[in-house]
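My entries follow in the order I checked them.

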Amino acid sequence: MISSGGKELSKRVLHYATSLRGTKQFWFKQRSRLISMIDCLSMPTVFFTHSAADNQWPELACLIAENPDESSSRSSAVNNNPAIADWFFYERISKFMKTFYVDVLGATDYWFRFEWQHRGSPHVHGVAWLHNAPDIEQLLSSDDSAELLDAAERITAYVYGLVSTMNPGIPADGNNIINSIPLPKIKPHVCNQQYQGINNLEMDLVDLVATCQRHTRCSTSYCLKRKRGKQECRFGYPKPLQQVTTITTQEGEPVVLTSRNDNLLNAYNPVQLSAWRANVDMQYIVSRNKVIKYVAKYATKSEPRSKGLQEVYSTIMKSIKEDATPLKVVQKLLTSTIGERDFSAQETCHLLLMLPLFRASRDFVVLSLDGSRQVTETFEEDKSVTVDSQLDHYCARPDVPEFREVSLLKFVQKYRIPKKIGSALVPRNKDVIVIPRPYCSPDPQGPQYEQYSKQKLMLHKPFVQLDSYLEDVTHMQLLMLLFFSLVMCQNLLLMIFTG
Ligand SMILES: [Zn+2]
(Lines give C-alpha, C1' and ligand atoms only; values in the text may rest on other atoms or scores of the structure.)
Protein backbone atom coordinates (compact mmCIF):
# COMPACT_ATOMS: atom_id res chain seq x y z
CA MET A 1 0.00 0.00 0.00
CA ILE A 2 2.79 2.33 0.95
CA SER A 3 4.86 1.69 -2.14
CA SER A 4 1.97 2.15 -4.59
CA GLY A 5 0.75 5.47 -3.20
CA GLY A 6 4.21 6.47 -2.03
CA LYS A 7 4.96 9.26 -4.49
CA GLU A 8 1.57 10.87 -3.83
CA LEU A 9 2.00 10.53 -0.09
CA SER A 10 5.44 12.10 -0.07
CA LYS A 11 4.11 14.98 -2.19
CA ARG A 12 1.42 15.68 0.38
CA VAL A 13 3.84 15.48 3.28
CA LEU A 14 6.13 17.81 1.31
CA HIS A 15 3.50 20.53 1.63
CA TYR A 16 3.73 20.36 5.44
CA ALA A 17 7.53 20.53 5.36
CA THR A 18 7.30 24.10 4.01
CA SER A 19 6.45 25.07 7.60
CA LEU A 20 9.43 23.21 9.08
CA ARG A 21 11.92 26.00 9.49
CA GLY A 22 15.22 25.56 7.67
CA THR A 23 14.26 22.59 5.46
CA LYS A 24 14.77 22.67 1.71
CA GLN A 25 10.99 22.98 1.26
CA PHE A 26 10.90 25.93 3.67
CA TRP A 27 13.51 27.78 1.59
CA PHE A 28 11.72 26.93 -1.67
CA LYS A 29 8.66 28.67 -0.27
CA GLN A 30 10.69 31.71 0.81
CA ARG A 31 12.34 31.83 -2.62
CA SER A 32 8.99 32.06 -4.40
CA ARG A 33 7.89 34.74 -1.93
CA LEU A 34 11.04 36.78 -2.50
CA ILE A 35 10.62 36.48 -6.26
CA SER A 36 7.00 37.69 -5.87
CA MET A 37 8.36 40.63 -3.88
CA ILE A 38 10.77 41.47 -6.73
CA ASP A 39 7.94 41.12 -9.28
CA CYS A 40 5.78 43.43 -7.26
CA LEU A 41 8.30 46.09 -6.13
CA SER A 42 10.63 45.94 -9.17
CA MET A 43 14.36 45.25 -8.93
CA PRO A 44 16.06 45.77 -5.54
CA THR A 45 19.02 48.17 -5.49
CA VAL A 46 21.67 46.27 -3.50
CA PHE A 47 22.68 42.85 -2.23
CA PHE A 48 24.26 42.92 1.19
CA THR A 49 26.03 40.57 3.58
CA HIS A 50 26.83 41.15 7.26
CA SER A 51 29.03 38.77 9.25
CA ALA A 52 29.55 38.57 13.00
CA ALA A 53 32.62 39.61 15.01
CA ASP A 54 31.12 38.00 18.09
CA ASN A 55 34.54 37.34 19.65
CA GLN A 56 35.31 41.08 19.45
CA TRP A 57 32.15 43.16 19.80
CA PRO A 58 32.48 44.96 23.16
CA GLU A 59 28.70 45.32 23.64
CA LEU A 60 28.30 41.51 23.58
CA ALA A 61 31.43 40.95 25.71
CA CYS A 62 29.96 43.20 28.44
CA LEU A 63 26.96 40.85 28.63
CA ILE A 64 28.77 37.52 28.86
CA ALA A 65 32.55 37.74 29.35
CA GLU A 66 34.17 37.61 32.78
CA ASN A 67 36.88 39.93 31.51
CA PRO A 68 35.55 41.83 28.45
CA ASP A 69 39.00 43.32 27.71
CA GLU A 70 40.66 39.95 27.36
CA SER A 71 40.43 38.20 23.99
CA SER A 72 40.45 34.61 25.37
CA SER A 73 37.77 35.46 27.93
CA ARG A 74 35.57 36.89 25.16
CA SER A 75 35.87 33.86 22.88
CA SER A 76 35.25 31.31 25.63
CA ALA A 77 32.21 33.38 26.72
CA VAL A 78 30.81 33.16 23.16
CA ASN A 79 31.37 29.36 23.15
CA ASN A 80 29.68 29.00 26.52
CA ASN A 81 26.74 31.30 25.70
CA PRO A 82 25.63 30.50 22.15
CA ALA A 83 22.03 31.55 22.85
CA ILE A 84 23.01 35.06 23.96
CA ALA A 85 25.57 35.44 21.15
CA ASP A 86 22.97 34.49 18.55
CA TRP A 87 20.25 36.64 20.10
CA PHE A 88 22.71 39.58 20.17
CA PHE A 89 23.44 39.19 16.44
CA TYR A 90 19.72 39.01 15.68
CA GLU A 91 19.08 42.22 17.63
CA ARG A 92 22.11 43.99 16.14
CA ILE A 93 21.14 43.32 12.51
CA SER A 94 17.45 44.07 13.16
CA LYS A 95 18.35 47.49 14.61
CA PHE A 96 20.90 48.05 11.85
CA MET A 97 18.23 47.58 9.17
CA LYS A 98 16.39 50.54 10.65
CA THR A 99 19.30 52.82 11.61
CA PHE A 100 21.45 52.27 8.51
CA TYR A 101 19.39 50.86 5.64
CA VAL A 102 16.16 52.76 6.32
CA ASP A 103 17.41 55.95 8.02
CA VAL A 104 20.75 56.48 6.21
CA LEU A 105 20.26 54.83 2.79
CA GLY A 106 16.52 55.49 2.59
CA ALA A 107 15.52 51.85 2.08
CA THR A 108 11.81 51.50 1.34
CA ASP A 109 11.89 47.70 1.57
CA TYR A 110 14.25 44.87 2.44
CA TRP A 111 14.52 41.11 2.79
CA PHE A 112 17.30 39.16 4.52
CA ARG A 113 18.03 35.70 5.88
CA PHE A 114 20.23 34.22 8.60
CA GLU A 115 22.82 31.55 7.92
CA TRP A 116 25.46 29.72 10.00
CA GLN A 117 28.70 28.28 8.70
CA HIS A 118 32.15 27.11 9.73
CA ARG A 119 32.68 27.75 13.43
CA GLY A 120 28.97 28.46 13.79
CA SER A 121 28.64 32.25 13.94
CA PRO A 122 25.71 33.74 12.04
CA HIS A 123 25.72 36.02 9.01
CA VAL A 124 22.96 37.49 6.88
CA HIS A 125 22.43 37.83 3.13
CA GLY A 126 19.79 40.16 1.81
CA VAL A 127 18.50 42.71 -0.65
CA ALA A 128 17.27 46.28 -0.16
CA TRP A 129 15.20 48.62 -2.29
CA LEU A 130 16.60 52.15 -1.96
CA HIS A 131 14.66 55.36 -2.38
CA ASN A 132 15.77 57.47 -5.37
CA ALA A 133 17.89 54.69 -6.91
CA PRO A 134 18.15 55.10 -10.70
CA ASP A 135 15.93 52.68 -12.59
CA ILE A 136 18.74 50.89 -14.41
CA GLU A 137 16.45 48.70 -16.57
CA GLN A 138 14.56 51.70 -17.86
CA LEU A 139 17.66 53.90 -18.28
CA LEU A 140 19.55 51.28 -20.30
CA SER A 141 16.58 50.46 -22.54
CA SER A 142 17.00 53.67 -24.55
CA ASP A 143 18.01 53.46 -28.25
CA ASP A 144 19.44 56.96 -28.25
CA SER A 145 23.25 57.03 -27.79
CA ALA A 146 23.27 60.44 -26.06
CA GLU A 147 20.59 59.24 -23.64
CA LEU A 148 22.56 56.05 -23.00
CA LEU A 149 25.69 58.04 -22.24
CA ASP A 150 23.75 60.19 -19.83
CA ALA A 151 22.22 57.05 -18.25
CA ALA A 152 25.68 55.49 -17.79
CA GLU A 153 26.90 58.67 -16.09
CA ARG A 154 23.92 58.75 -13.73
CA ILE A 155 24.32 55.09 -12.81
CA THR A 156 28.08 55.24 -12.23
CA ALA A 157 27.76 58.44 -10.15
CA TYR A 158 25.11 56.74 -8.02
CA VAL A 159 27.17 53.55 -7.53
CA TYR A 160 30.31 55.61 -6.78
CA GLY A 161 28.50 57.19 -3.83
CA LEU A 162 27.13 53.88 -2.58
CA VAL A 163 29.67 51.08 -3.02
CA SER A 164 33.43 51.27 -2.56
CA THR A 165 36.26 48.96 -3.59
CA MET A 166 38.91 51.51 -2.65
CA ASN A 167 41.35 50.81 0.17
CA PRO A 168 41.64 54.16 2.02
CA GLY A 169 44.99 53.01 3.46
CA ILE A 170 46.72 53.01 0.06
CA PRO A 171 48.33 56.36 -0.87
CA ALA A 172 46.43 58.14 -3.66
CA ASP A 173 49.50 58.46 -5.93
CA GLY A 174 48.60 55.20 -7.63
CA ASN A 175 51.68 53.54 -6.20
CA ASN A 176 49.92 50.27 -5.51
CA ILE A 177 52.84 48.36 -4.06
CA ILE A 178 51.94 45.63 -1.61
CA ASN A 179 54.10 47.14 1.22
CA SER A 180 51.93 50.23 1.32
CA ILE A 181 48.77 48.32 2.28
CA PRO A 182 48.14 48.71 6.03
CA LEU A 183 48.25 45.57 8.15
CA PRO A 184 45.16 44.27 10.01
CA LYS A 185 44.66 45.83 13.43
CA ILE A 186 44.24 42.87 15.76
CA LYS A 187 46.00 43.92 19.02
CA PRO A 188 43.73 45.47 20.24
CA HIS A 189 41.23 44.33 17.60
CA VAL A 190 39.57 47.14 15.63
CA CYS A 191 36.15 45.45 16.03
CA ASN A 192 36.63 45.53 19.80
CA GLN A 193 36.11 49.32 19.77
CA GLN A 194 32.71 50.90 20.22
CA TYR A 195 31.60 53.12 17.34
CA GLN A 196 30.62 55.90 19.75
CA GLY A 197 34.15 56.08 21.22
CA ILE A 198 36.02 56.56 17.94
CA ASN A 199 37.73 59.94 17.54
CA ASN A 200 39.26 59.59 14.10
CA LEU A 201 36.72 57.93 11.78
CA GLU A 202 39.06 58.08 8.78
CA MET A 203 41.88 56.18 10.50
CA ASP A 204 39.33 53.77 11.95
CA LEU A 205 38.03 53.02 8.43
CA VAL A 206 41.58 52.31 7.25
CA ASP A 207 41.92 49.74 10.08
CA LEU A 208 38.50 48.20 9.47
CA VAL A 209 39.19 47.76 5.75
CA ALA A 210 42.63 46.25 6.45
CA THR A 211 41.23 43.89 9.09
CA CYS A 212 37.79 42.84 7.85
CA GLN A 213 37.49 43.51 4.12
CA ARG A 214 40.47 41.86 2.46
CA HIS A 215 40.18 38.38 0.96
CA THR A 216 43.73 37.42 1.87
CA ARG A 217 43.43 33.65 2.19
CA CYS A 218 41.91 31.40 -0.45
CA SER A 219 41.46 27.80 0.71
CA THR A 220 40.17 24.57 -0.79
CA SER A 221 37.68 24.19 2.05
CA TYR A 222 36.13 27.60 1.38
CA CYS A 223 36.54 29.36 -1.95
CA LEU A 224 38.95 27.44 -4.20
CA LYS A 225 37.13 25.47 -6.87
CA ARG A 226 38.52 23.57 -9.85
CA LYS A 227 37.67 25.47 -13.03
CA ARG A 228 39.08 24.99 -16.52
CA GLY A 229 41.64 22.57 -15.14
CA LYS A 230 43.03 24.85 -12.41
CA GLN A 231 42.11 26.03 -8.92
CA GLU A 232 40.24 29.34 -8.95
CA CYS A 233 38.71 31.48 -6.20
CA ARG A 234 34.94 31.32 -6.61
CA PHE A 235 34.69 34.98 -5.60
CA GLY A 236 37.12 35.94 -8.38
CA TYR A 237 40.07 37.13 -6.24
CA PRO A 238 42.53 38.63 -6.96
CA LYS A 239 40.48 41.15 -8.99
CA PRO A 240 41.93 43.57 -11.58
CA LEU A 241 42.53 47.16 -10.45
CA GLN A 242 40.20 49.78 -11.88
CA GLN A 243 40.94 53.50 -12.39
CA VAL A 244 37.39 54.89 -12.36
CA THR A 245 33.88 53.49 -11.87
CA THR A 246 32.45 52.49 -15.26
CA ILE A 247 29.55 50.57 -16.71
CA THR A 248 30.13 48.04 -19.46
CA THR A 249 28.53 44.85 -20.84
CA GLN A 250 29.74 41.28 -20.40
CA GLU A 251 27.91 38.39 -22.11
CA GLY A 252 25.01 40.71 -22.90
CA GLU A 253 24.57 41.84 -19.30
CA PRO A 254 25.39 45.28 -17.88
CA VAL A 255 28.29 45.21 -15.40
CA VAL A 256 29.38 48.07 -13.15
CA LEU A 257 33.12 48.05 -12.38
CA THR A 258 33.81 50.17 -9.32
CA SER A 259 37.14 51.99 -9.00
CA ARG A 260 39.57 49.65 -7.24
CA ASN A 261 43.08 50.16 -5.85
CA ASP A 262 43.36 46.85 -3.98
CA ASN A 263 42.88 43.54 -5.80
CA LEU A 264 41.86 41.66 -2.65
CA LEU A 265 39.25 44.10 -1.38
CA ASN A 266 35.65 43.09 -0.73
CA ALA A 267 33.09 45.80 -1.69
CA TYR A 268 31.61 47.87 1.16
CA ASN A 269 29.86 51.09 2.00
CA PRO A 270 32.02 53.21 4.36
CA VAL A 271 29.18 54.06 6.80
CA GLN A 272 27.97 50.43 6.72
CA LEU A 273 31.44 49.12 7.65
CA SER A 274 32.22 51.82 10.26
CA ALA A 275 28.99 51.26 12.12
CA TRP A 276 28.62 47.47 11.75
CA ARG A 277 32.24 46.73 12.76
CA ALA A 278 32.72 43.27 11.15
CA ASN A 279 33.01 41.96 7.58
CA VAL A 280 30.33 43.31 5.23
CA ASP A 281 29.58 43.21 1.54
CA MET A 282 27.54 45.47 -0.69
CA GLN A 283 26.85 44.99 -4.41
CA TYR A 284 24.83 47.18 -6.71
CA ILE A 285 22.23 45.14 -8.64
CA VAL A 286 22.48 45.60 -12.40
CA SER A 287 20.00 43.14 -13.87
CA ARG A 288 16.99 40.97 -13.15
CA ASN A 289 18.99 37.92 -14.22
CA LYS A 290 21.64 38.67 -11.61
CA VAL A 291 19.11 39.14 -8.85
CA ILE A 292 17.34 35.86 -9.61
CA LYS A 293 20.70 34.05 -9.64
CA TYR A 294 21.60 35.69 -6.33
CA VAL A 295 18.28 34.69 -4.77
CA ALA A 296 18.87 31.05 -5.72
CA LYS A 297 22.59 31.00 -4.86
CA TYR A 298 22.72 32.88 -1.57
CA ALA A 299 19.47 34.28 -0.33
CA THR A 300 17.25 31.21 -0.28
CA LYS A 301 19.54 28.22 -0.64
CA SER A 302 19.12 25.43 1.87
CA GLU A 303 22.11 24.38 3.95
CA PRO A 304 24.48 21.77 2.49
CA ARG A 305 23.45 18.17 3.07
CA SER A 306 19.81 19.14 3.42
CA LYS A 307 18.07 16.67 1.10
CA GLY A 308 14.77 17.13 -0.67
CA LEU A 309 11.89 15.04 0.63
CA GLN A 310 11.65 12.94 -2.53
CA GLU A 311 15.28 11.94 -2.10
CA VAL A 312 14.82 11.22 1.61
CA TYR A 313 11.66 9.27 0.76
CA SER A 314 13.54 6.88 -1.54
CA THR A 315 16.17 6.24 1.15
CA ILE A 316 13.51 5.59 3.78
CA MET A 317 11.48 3.27 1.57
CA LYS A 318 14.54 1.06 1.11
CA SER A 319 14.99 0.63 4.87
CA ILE A 320 11.38 0.51 6.13
CA LYS A 321 9.52 -2.74 6.93
CA GLU A 322 6.78 -3.98 4.59
CA ASP A 323 4.03 -3.70 7.22
CA ALA A 324 4.93 -0.16 8.39
CA THR A 325 1.94 2.15 8.88
CA PRO A 326 1.62 5.36 6.81
CA LEU A 327 2.03 7.31 10.07
CA LYS A 328 5.45 5.74 10.60
CA VAL A 329 6.51 6.74 7.06
CA VAL A 330 5.31 10.33 7.53
CA GLN A 331 7.14 10.58 10.86
CA LYS A 332 10.34 9.22 9.32
CA LEU A 333 10.05 11.55 6.33
CA LEU A 334 9.72 14.67 8.45
CA THR A 335 12.36 13.76 11.02
CA SER A 336 14.83 12.81 8.29
CA THR A 337 14.46 16.02 6.37
CA ILE A 338 15.32 18.10 9.42
CA GLY A 339 18.05 15.78 10.66
CA GLU A 340 20.06 15.49 7.46
CA ARG A 341 22.67 18.12 8.21
CA ASP A 342 24.83 19.64 10.95
CA PHE A 343 23.54 22.48 13.09
CA SER A 344 25.88 24.84 14.92
CA ALA A 345 25.25 25.66 18.59
CA GLN A 346 24.17 29.21 17.71
CA GLU A 347 21.80 27.99 14.99
CA THR A 348 20.27 25.46 17.39
CA CYS A 349 19.71 28.27 19.91
CA HIS A 350 18.22 30.48 17.19
CA LEU A 351 15.67 27.76 16.38
CA LEU A 352 14.91 27.04 20.04
CA LEU A 353 14.43 30.74 20.78
CA MET A 354 11.94 30.80 17.87
CA LEU A 355 13.80 33.71 16.27
CA PRO A 356 12.91 34.21 12.59
CA LEU A 357 15.18 32.66 9.93
CA PHE A 358 14.45 35.56 7.59
CA ARG A 359 12.93 39.03 7.82
CA ALA A 360 10.99 40.96 5.20
CA SER A 361 9.64 44.50 5.21
CA ARG A 362 6.33 43.21 3.77
CA ASP A 363 3.73 40.62 4.64
CA PHE A 364 2.78 37.98 2.09
CA VAL A 365 -0.76 36.92 1.23
CA VAL A 366 -1.60 33.85 -0.85
CA LEU A 367 -4.54 34.56 -3.13
CA SER A 368 -6.41 31.55 -4.47
CA LEU A 369 -7.75 32.24 -7.97
CA ASP A 370 -9.37 28.89 -8.71
CA GLY A 371 -12.39 29.44 -6.47
CA SER A 372 -11.12 27.13 -3.70
CA ARG A 373 -11.92 27.96 -0.08
CA GLN A 374 -10.34 27.03 3.21
CA VAL A 375 -12.14 24.47 5.38
CA THR A 376 -13.28 25.78 8.80
CA GLU A 377 -11.54 24.53 11.91
CA THR A 378 -14.83 24.18 13.85
CA PHE A 379 -17.74 22.34 12.29
CA GLU A 380 -21.26 23.49 13.18
CA GLU A 381 -24.49 22.00 11.99
CA ASP A 382 -26.28 23.88 9.18
CA LYS A 383 -23.24 26.08 8.67
CA SER A 384 -20.87 26.15 5.75
CA VAL A 385 -17.80 23.98 6.17
CA THR A 386 -15.67 26.47 4.26
CA VAL A 387 -14.54 30.02 5.03
CA ASP A 388 -15.30 32.85 2.59
CA SER A 389 -12.27 33.37 0.36
CA GLN A 390 -10.69 36.68 -0.60
CA LEU A 391 -12.33 36.23 -3.96
CA ASP A 392 -15.76 36.03 -2.23
CA HIS A 393 -14.98 39.19 -0.28
CA TYR A 394 -13.88 40.95 -3.43
CA CYS A 395 -17.07 40.06 -5.35
CA ALA A 396 -19.16 41.24 -2.38
CA ARG A 397 -17.28 44.54 -1.99
CA PRO A 398 -19.41 47.68 -1.42
CA ASP A 399 -21.05 49.04 -4.58
CA VAL A 400 -19.54 52.53 -4.23
CA PRO A 401 -17.12 54.34 -6.60
CA GLU A 402 -14.14 53.78 -4.26
CA PHE A 403 -14.45 50.00 -4.59
CA ARG A 404 -16.22 49.52 -7.93
CA GLU A 405 -13.11 50.22 -10.00
CA VAL A 406 -10.57 48.60 -7.74
CA SER A 407 -8.89 45.47 -9.16
CA LEU A 408 -8.68 42.19 -7.22
CA LEU A 409 -4.92 42.64 -6.84
CA LYS A 410 -5.22 46.15 -5.38
CA PHE A 411 -8.11 45.02 -3.16
CA VAL A 412 -6.02 42.26 -1.55
CA GLN A 413 -2.88 44.42 -1.43
CA LYS A 414 -4.61 47.31 0.32
CA TYR A 415 -7.40 45.95 2.55
CA ARG A 416 -7.58 43.58 5.48
CA ILE A 417 -10.17 40.90 4.86
CA PRO A 418 -12.84 41.10 7.62
CA LYS A 419 -14.23 38.01 9.34
CA LYS A 420 -17.69 38.41 7.81
CA ILE A 421 -18.72 39.50 4.34
CA GLY A 422 -20.27 42.95 4.51
CA SER A 423 -18.19 44.16 7.50
CA ALA A 424 -16.25 47.41 7.08
CA LEU A 425 -13.00 47.07 5.09
CA VAL A 426 -9.96 48.42 6.93
CA PRO A 427 -6.94 49.60 4.87
CA ARG A 428 -3.62 47.86 5.67
CA ASN A 429 -0.70 49.91 7.02
CA LYS A 430 1.52 48.78 4.12
CA ASP A 431 0.55 46.99 0.89
CA VAL A 432 1.12 43.25 1.11
CA ILE A 433 2.86 41.09 -1.49
CA VAL A 434 0.22 38.99 -3.21
CA ILE A 435 1.11 35.46 -4.31
CA PRO A 436 -1.49 34.21 -6.83
CA ARG A 437 -2.22 30.46 -6.73
CA PRO A 438 -2.26 28.00 -8.40
CA TYR A 439 1.07 28.85 -9.98
CA CYS A 440 0.89 29.02 -13.77
CA SER A 441 3.92 29.26 -16.02
CA PRO A 442 4.03 32.48 -18.11
CA ASP A 443 5.66 30.63 -21.03
CA PRO A 444 3.59 31.55 -24.16
CA GLN A 445 4.40 28.13 -25.67
CA GLY A 446 3.60 26.19 -22.48
CA PRO A 447 0.38 24.35 -21.58
CA GLN A 448 -0.50 26.75 -18.73
CA TYR A 449 -0.46 29.93 -20.76
CA GLU A 450 -4.22 30.25 -21.12
CA GLN A 451 -4.66 29.78 -17.38
CA TYR A 452 -1.86 32.26 -16.74
CA SER A 453 -3.54 34.88 -18.95
CA LYS A 454 -6.86 34.27 -17.21
CA GLN A 455 -5.18 34.88 -13.84
CA LYS A 456 -3.68 38.15 -15.09
CA LEU A 457 -7.12 39.31 -16.17
CA MET A 458 -8.68 38.39 -12.85
CA LEU A 459 -5.95 40.26 -11.00
CA HIS A 460 -5.99 43.48 -13.01
CA LYS A 461 -9.44 43.95 -14.57
CA PRO A 462 -12.15 44.85 -12.03
CA PHE A 463 -15.15 42.48 -11.99
CA VAL A 464 -18.10 41.57 -9.79
CA GLN A 465 -19.41 38.19 -10.98
CA LEU A 466 -16.88 35.47 -10.39
CA ASP A 467 -18.77 33.08 -12.70
CA SER A 468 -17.96 35.24 -15.67
CA TYR A 469 -14.33 34.39 -15.07
CA LEU A 470 -14.65 30.80 -14.11
CA GLU A 471 -17.21 29.60 -16.67
CA ASP A 472 -18.15 32.14 -19.34
CA VAL A 473 -15.61 31.32 -22.02
CA THR A 474 -16.95 33.69 -24.69
CA HIS A 475 -16.85 36.59 -22.33
CA MET A 476 -13.43 35.42 -21.23
CA GLN A 477 -12.09 35.53 -24.78
CA LEU A 478 -13.35 39.08 -25.22
CA LEU A 479 -11.61 40.17 -22.08
CA MET A 480 -8.45 38.40 -23.11
CA LEU A 481 -8.55 40.28 -26.36
CA LEU A 482 -8.68 43.51 -24.41
CA PHE A 483 -5.78 42.45 -22.25
CA PHE A 484 -3.56 41.27 -25.07
CA SER A 485 -4.30 44.32 -27.15
CA LEU A 486 -2.76 46.27 -24.30
CA VAL A 487 0.28 44.25 -23.48
CA MET A 488 0.89 41.38 -25.82
CA CYS A 489 2.02 41.09 -29.39
CA GLN A 490 -0.11 40.63 -32.50
CA ASN A 491 0.76 36.96 -33.01
CA LEU A 492 -0.85 36.02 -29.74
CA LEU A 493 -3.96 37.98 -30.62
CA LEU A 494 -4.35 35.91 -33.77
CA MET A 495 -3.83 32.70 -31.79
CA ILE A 496 -6.71 33.49 -29.44
CA PHE A 497 -9.08 34.37 -32.27
CA THR A 498 -8.33 31.37 -34.37
CA GLY A 499 -7.77 28.91 -31.53
ZN1 LIG B 1 39.23 33.06 -2.50
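The notes below go from the whole chain to single residues.

**Ground rules**

I am working from a predicted model, where local features need pLDDT of at least 70, side-chain atom pairs count only at pLDDT 80 or more, and totals for chains, interfaces and linings use all residues. I number residues from 1 along each chain as its sequence is written.

**Whole chain**

I counted elements first. The chain has 20 helices and 13 strands. Both are DSSP runs numbered from the N terminus: helices are H or I with at least four residues, strands are E with at least two.

Next I looked at burial. I call a residue buried if 20 or more other C-beta atoms lie within 10 Å of its own, exposed if 12 or fewer, and partly exposed in between; the C-beta atoms are placed from the backbone. Of the 499 residues in the chain, 28% are buried.

Then contacts. Two residues are in contact if their C-beta atoms, placed from the backbone, lie within 7 Å. Among contacts with a separation of 6 or more, 64% are between residues 24 or more positions apart.

**The sheet**

In which order do the strands of the open sheet run? I read S8-S1-S3-S2-S9, five strands with antiparallel pairing. Pairing here needs at least two bridges found by DSSP between two strands. Strand S8 (280–284) and strand S9 (358–360) are the edges, each pairing on one side only. Neighbouring strands are turned by 10° against each other on average, direction ignored. For such angles, axes are lines fitted to C-alpha atoms, for helices over the stretch in contact, and values run from 0 to 180 degrees between N-to-C directions.

Helix H2 (residues 24–41) packs on this sheet. H2 touches S2, strand S3 (121–130) and S9, and its direction makes about 160° with that of S2.

**Strand S2**

I took a closer look at S2, residues 107–117. Is S2 mostly covered or mostly open? Eight of its 11 residues are buried, so I noted it as mostly covered.

S2 has 10 bridges to S3, running antiparallel. Asp-109 stands opposite Trp-129 in S3. On the S9 side there are three bridges, again antiparallel. There Phe-112 stands opposite Arg-359, and Arg-113 stands opposite Phe-358.

Gln-117 also belongs to S2. Gln-117 is partly exposed because 14 other C-beta atoms lie within 10 Å.

**Helix H8**

Helix H8 covers residues 201–212, 12 residues in total. From first C-alpha to last, H8 reaches 16 Å, close to the expected 16 Å at 1.5 Å a residue. The expected span is 1.5 Å times one less than the number of residues.

Which residues of H8 are buried? I listed Leu-205, Asp-207, Leu-208, Val-209, Ala-210, Thr-211 and Cys-212. The buried residues of H8 pack against helix H9 (270–276).

**H5 against H13**

The axes of helix H5 (residues 82–102) and helix H13 (residues 345–352) come within 8 Å and cross at roughly 75°. H5 is therefore roughly perpendicular to H13. My angle classes: under 35 degrees is roughly parallel, over 145 roughly antiparallel, 65 to 115 roughly perpendicular, and the rest oblique.

Pro-82, Ala-83, Ala-85 and Asp-86 in H5 meet Ala-345, Gln-346, Cys-349 and His-350 in H13. I sorted the contact residues into five nonpolar, two polar and one charged. Nonpolar means Ala, Val, Leu, Ile, Met, Phe, Trp, Tyr, Cys and Pro; charged means Asp, Glu, Lys and Arg; the others, Gly among them, are polar.

Most residues other than glycine have a negative phi, and most peptide bonds are trans.

- The peptide bond from Lys-187 to Pro-188 is cis, with omega near -5°. Pro-188 sits in the loop between helix H7 (145–162) and H8.
- The peptide bond from Tyr-237 to Pro-238 is cis, with omega near -5°. Pro-238 lies in the loop between strand S5 (230–233) and strand S6 (246–250).
- Ser-42, not a glycine, has a positive phi of about 75°. Ser-42 lies in the loop between H2 and strand S1 (46–51), and counts as partly exposed because it has 14 C-beta neighbours inside 10 Å.
- Met-354 has a positive phi near 60°. Met-354 lies in the loop between H13 and S9, and counts as exposed because it has 7 C-beta neighbours inside 10 Å.
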